[in-house]
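Please have a look at the sequence and the picture first, and then I will start.

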Amino acid sequence: MPTAESVRSRLEAVLDQLRSGRVSEWSEAECRRVVVPQMRASLPEDERQTKRAEFQPLTGAN
């Protein structure tokens, strides 16, 4: 089971790729629907909300 510690750096790397427009191993749609929401689920609620707020403007996702 993933922990907050194990996903934090991976989630930040995905967000950095989206911010910079670099090619990711996942499509933007995969990031929006699967990758980021699943990673966020491993974070404490307050941090989950912060990451959601960072991610939303990059893709228009919830």
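This is a predicted model: local features need pLDDT of at least 70, side-chain atom pairs count only at pLDDT 80 or more; totals for chains, interfaces and linings use all residues.

Residues are numbered from 1 along each chain as its sequence is written, and side-chain values use heavy atoms, with hydrogens and water left out.

When I say helix, I mean a DSSP run of H or I with at least four residues, and the helices are numbered from the N terminus. With that in hand, helix H2 bends by about 30° at Val-34, and a proline, Pro-37, follows within four residues. Pro-37 itself lies in H2, and at 27% relative accessibility it counts as partly exposed, where buried means under 20% relative accessible area, exposed means over 50%, and partly exposed is what falls in between, using a 1.4 Å probe and protein chains only. Setting aside residues up to four places away in sequence, Pro-37 touches Cys-31 and Arg-32, and touching, or contact, means heavy atoms within 4.5 Å.

Which residues of H2 are buried? They are Cys-31, Val-35, Val-36, Met-39 and Arg-40, and these buried residues pack against H1 and helix H3, which covers 45–59.

Now to the pairs. Two packed helices are described by the angle between their axes and the distance between the axes. The axes are lines fitted to C-alpha atoms, for helices over the stretch in contact, and the angles run from 0 to 180 degrees between N-to-C directions. Helix H1, residues 4–20, and helix H2, residues 28–40, pack at an angle of about 155°, with their axes 10 Å apart. That makes H1 roughly antiparallel to H2, given that angles over 145 degrees count as roughly antiparallel, under 35 as roughly parallel, 65 to 115 as roughly perpendicular, and the rest as oblique. On the H1 side, the contact is made by Val-7, Arg-10, Leu-11, Val-14 and Leu-18, which meet Glu-28, Cys-31, Val-35, Val-36, Met-39 and Arg-40 in H2. These residues divide into eight nonpolar, no polar and three charged, where Ala, Val, Leu, Ile, Met, Phe, Trp, Tyr, Cys and Pro count as nonpolar, Asp, Glu, Lys and Arg as charged, and the others, Gly among them, as polar.

At 4% relative accessibility, Val-7 counts as buried, and, not counting residues up to four places away in sequence, Val-7 touches Pro-2, Met-39, Ser-42 and Leu-43. The C-alpha atoms of Val-7 and Ser-42 are separated by 7.2 Å, although the two residues are 35 residues apart along the chain.

Turning to the next pair, H1 and H3 pack at an angle of about 20°, with their axes 10 Å apart. That makes H1 roughly parallel to H3. From H1 the contact takes in Arg-8, Leu-11, Glu-12, Leu-15, Leu-18 and Arg-19, and from H3 it takes in Glu-47, Lys-51, Glu-54, Phe-55, Leu-58 and Thr-59. By class, the residues of this contact of H1 with H3 divide into five nonpolar, one polar and six charged.

For the remaining pair, the axes of H2 and H3 come within 11 Å and cross at roughly 175°. That makes H2 roughly antiparallel to H3, and the contact of H2 with H3 has four nonpolar, one polar and six charged residues.

Finally, a word on the loop between H1 and H2, where Ser-24 is found. Ser-24 is buried, with a relative accessible area of 18%, and, its neighbours within four places in sequence aside, Ser-24 is in contact with Gln-17 and Cys-31.

Technical notes:
Helices (H or I, at least four residues) and strands (E, at least two) are DSSP runs, numbered from the N terminus. The bend at a residue is the angle between axes fitted to the seven residues ending there and the seven starting there.
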